[in-house]
Amino acid sequence: MAYDNKGAGDSRGNRPNNNRGGNGHANGGYRGKGGDSRGRGNGDKGGFRGSKGQGGYKKRDGERKFDRDDNRGGYKGGKPQGGYKGRGNRDDRGEGRKFDRDNRGPKRDFKRDDNRGGYKKHDGERKFDRDGDRGGYKGGRDFDRKPRGDRRDGDHDFKKGGYKKDFSRDERKFEQDERKFDREGRKFDRDDRGPKRERSFDGDRRDDCRFDKRDGGKFEGRGDRRFGDRPKKRFDDDKRGFKPRRDDDRLDAQVDDDAPRSEYREHRRKGEGYRGTGGGYRKPKGQVHVTPARQAACAIGRVVRERNAYVAEVTPAVLAKFQGISPEDAAFATKIARGVTATVGTLDEFINRNMKTPNDIDEVVRDAMRVSAYELLFLDKPAYVVVDQGVELVCSVAPKAGGLANAVLRRMSESAKTFPFGNPNLSLQVLARSQAFPMWLAKRLMNEMTLPKATAFMHACNTDAPVFIAVNSVKGDFEQIEEAFDQAGSLLEASEDVQGCYRVKEARSLRSADVRALFEAGELLVSDEGAQTVAQLAMPAEEPASFLEIGSGRGTKTILLQSAAHRAFGHCVPMTSVDDHEFKGKILGERCAAYGIDTVEPLTADARTLSQKLPEASFDAVLLDAPCSGVGTLRRHPEIRWRLKPEDITSMASINLDLLIEATKMVKPGGVITYATCTVFPEENEQVVERFLKTKFGEQFEIEEQVQTTLTTNGPDAHYAARLRRRA
């Protein structure tokens with residue numbers, strides 16, 4: 001109900017003909033002469049005004065009341081909250097009553113329903129006007145939650161300041177220049193927030209308004225903080241500005257891959273966390289908690305990538321740099337390094353799938369993330385272990401990439417649940433991805449082997465290769481060897497096809513001191529059963545007066561050939577071993593001496609022009625260990641899988657044909673030559689022999705015997721050998 005009983009306007013505050021003013025907006029208050037539709041008075045005759053939708057005071061029965069339920073009215077009108085805006089006195093047009101700005105009655109205690117007020121001044125005493133304890137002077141805040149400061153007569157620009165003294169109306173006097181006053185011996189000015197507190201760092205100075213995990217998320221409140229005080233950082237009892245240090249015992253704690261999740265969280269609570277995103281404990285800079293096995297595996301992978309080297313060649317040297325690494329960690333590092341190398345293409349595809357810009361990642365960071373990806377996809381390690389250790393591993397090689405690693409590894413842990421992203425039985429691409437094979441290689445294997453055999457072959461390539469040993473008949477005593485393995489806790493399974501070949505059921509027995517002594521004495525040699533099969537086939541039944549080995553390498557087949565000759569003839573045979581690398585010839589000489597063989601002469605030469613180094617038709621037996629794609633030994637040479645190209649197979653086949661033609665020139669009439677490879681593709685095996693037999697020189701030879709081993713889970717690698725005899 002508004003103040004205009006004479007000629008009131010309409011409900012929108014339209015001015016009546018008698019020009020006496022009217023009711024304001026439906027949510028407005030009292031207005032004077034000729035107000036607008038929002039209840040604003042014209043000139044200096046204004047009164048109360050409301051805000052559109054919120055309003056201020058409204059005169060009802062001589063008492064000021066809020067005319068809205070949310071109590072958001074008040075002084076200082078305006079669009080957000082409305083309130084008092086009158087200037088000057090009202091004349092007799094409105095109601096004949098006069099109002100001035102200070103004739104507003106006693107100050108009301110506007111207490112908010114949400115208990116957000118602090119305490120205000122009453123008779124020189126500070127009191128709370130709410131049950132809570134969140135601090136702040138109520139007298140120093142306006143209804144829009146902003147500090148109002150001191151108000152002076154005629155000054156409607158409410159500025160931020162401290163708290164307001166509750167003067168009575170007749171005592172409300174302020175001087176123009178001097179705005180300070182003294183009460184109880186303390187001075188306050190309009191920008192003061194209260195007396196300055198004495199800050200001491202004794203005792204517990206934690207932030208008073210934090211949710212502490214150790215308190216179960218309980219809100220601690222602000223206590224006796226005053227308005228304007230800022231939260232304090234956490235300090236030690238005797239040090240300022242330093243975070244609490246963890247015990248040295250906690251820094252030495254290791255993460256157990258097989259530990260339950262609750263135990264792992266306990267490790268994290270004790271300080272073995274990682275520096276990631278989303279909060280949590282941030283470990284001190286420079287401290288890395290990653291297992292030595294993962295660090296060694298990452299280092300091996302980096303060397304293999306940078307040097308384009310073979311895993312078996314670089315692993316011993318890299319592990320030697322990790323002093324004090326346990327045998328278990330060394331074995332785990334070797335397993336990871338070999339697995340990462342064998343599956344590197346699939347791992348990179350998986351990493352790129354979980355990154356927006358995969359080309360921006362550094363190579364050293366990718367090396368570390370490959371280790372984690374391999375554990376997720378092929379070792380089935382717990383995701384929380386892989387993510388934590390993966391971030392730590394990335395931080396060990398690139399500390400600034402910890403946040404990136406944390407985000408990517410978390411996405412990888414979720415994405416790994418749906419790997420290989422399809423049904424291998426319905427899609428060849430999914431099958432190739434599940435077995436970590438290049439698409440072209442999987443397709444070729446399927447075309448040449450049929451799908452079931454190709455699937456079994458790819459699966460066997462991803463398993464651990466069995467350990468086969470060969471007994472050196474020149475120095476070895478089988479009874480003594482068998483006793484040493486029995487004491488080491490492993491049985492020897494004899495081969496059905498090759499003499500002196502045994503499969504070691506427990507590979508850990510090779511670390512036994514007695515067994516290692518046999519290797520150092522030259523009585524034992526580690527060699528796959530397929531390679532021993534080739535050596536046995538190459539040594540003819542009749543004793544050769546001279547033997548030529550082409551492609552001797554480091555001498556493994558050389559020792560196997562001489563052991564077969566000693567077993568068959570009671571002594572070693574004269575042999576010339578050819579290789580195109582001189583350093584391999586030196587290694588060959590040292591190994592032969594260690595195994596008691598002194599009838600081998602190393603020769604460095606190009607096998608394609610061998611007739612320029614050696615006289616033709618001068619050897620009774622020849623072994624051509626031809627270079628090939630090596631697909632039959634993928635589980636022992638994991639780097640081949642992703643380095644091999646489709647065109648390499650055709651190129652190798654052409655080279656091998658040239659080598660075979662040149663090698664047959666060295667065979668005496670009636671002598672034999674053995675062509676051997678370690679691949680499964682007919683283009684490099686049978687087809688090379690067939691093409692040779694169709695040549696003019698090949699018409700003098702005929703196939704005497706062929707052998708081909710199949711790669712299986714517990715069986716030998718895939719080898720091929722064909723023995724040809726020259727007609728007399």
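1. The axes of helix 11 (residues 439–449) and helix 12 (residues 451–461) come within 7 Å of each other and cross at roughly 130 degrees, where helices are DSSP runs of H or I of at least four residues, strands are runs of E of at least two, and both are numbered from the N terminus. The axes are lines fitted to C-alpha atoms, for helices over the stretch in contact, and the angles run from 0 to 180 degrees between N-to-C directions. Helix 11 and helix 12 are therefore oblique to each other, given that angles under 35 degrees count as roughly parallel, over 145 as roughly antiparallel, 65 to 115 as roughly perpendicular and the rest as oblique. On the helix 11 side the contact is made by A442, L445, M446 and M449, and on the helix 12 side by L451, K453, A454, F457 and M458, contact meaning heavy atoms within 4.5 Å.

2. A word on the basis of these points: this is a predicted model, in which local features need pLDDT of at least 70 and side-chain atom pairs count only at pLDDT 80 or more, while totals for chains, interfaces and linings use all residues. Residues are numbered from 1 along each chain as its sequence is written, and side-chain values use heavy atoms, with hydrogens and water left out.

3. Helix 7 (residues 363–378) packs against helix 8 (residues 383–397) at an angle of about 165 degrees, with the axes 9 Å apart. That makes helix 7 roughly antiparallel to helix 8. From helix 7, V364, V365, A368, M369, V371, S372, E375 and L376 meet A383, V386, G390, L393, V394 and V397 of helix 8.

4. S413 belongs to helix 9 (residues 402–415) and is buried, with a relative accessible area of 12%; buried means under 20% relative accessible area, exposed over 50%, and partly exposed in between, for a 1.4 Å probe and protein chains only. Leaving aside neighbours within four places in sequence, S413 is in contact with L376, A383 and V387. A polar atom of the S413 side chain also lies 2.6 Å from the backbone oxygen of R410.

5. The loop between helix 9 and helix 10 (428–434) holds P420, which is joined to F419 by a cis peptide bond with omega of about 10 degrees. F421 lies in the loop between helix 9 and helix 10, and has a positive phi near 65 degrees although F421 is a residue other than glycine. At 23% relative accessibility, F421 counts as partly exposed.

6. N308, likewise not a glycine, has a positive phi of about 55 degrees, and is found in the loop between helix 3 (292–307) and helix 4 (311–320). At 52% relative accessibility, N308 counts as exposed.

7. An unreviewed UniProt entry carries the annotation "binding site" for D579, D606 and D625; such positions are given in the numbering used here, feature names are shortened, and annotations may be inferred rather than shown by experiment. These residues span 47 residues in sequence, yet no two of their C-alpha atoms are more than 13.6 Å apart, so they gather at one spot.

8. D606 is placed in the loop between strand 17 (600–604) and strand 18 (619–625), and counts as partly exposed at 35% relative accessibility. D625 is found in strand 18 and counts as partly exposed at 22%. Not counting residues up to four places away in sequence, D625 touches I550, G551, K557 and A676.

Technical notes. Polar contact = N/O pair within 3.5 Å; in protein donor to acceptor, adjacent residues only side chain to side chain.
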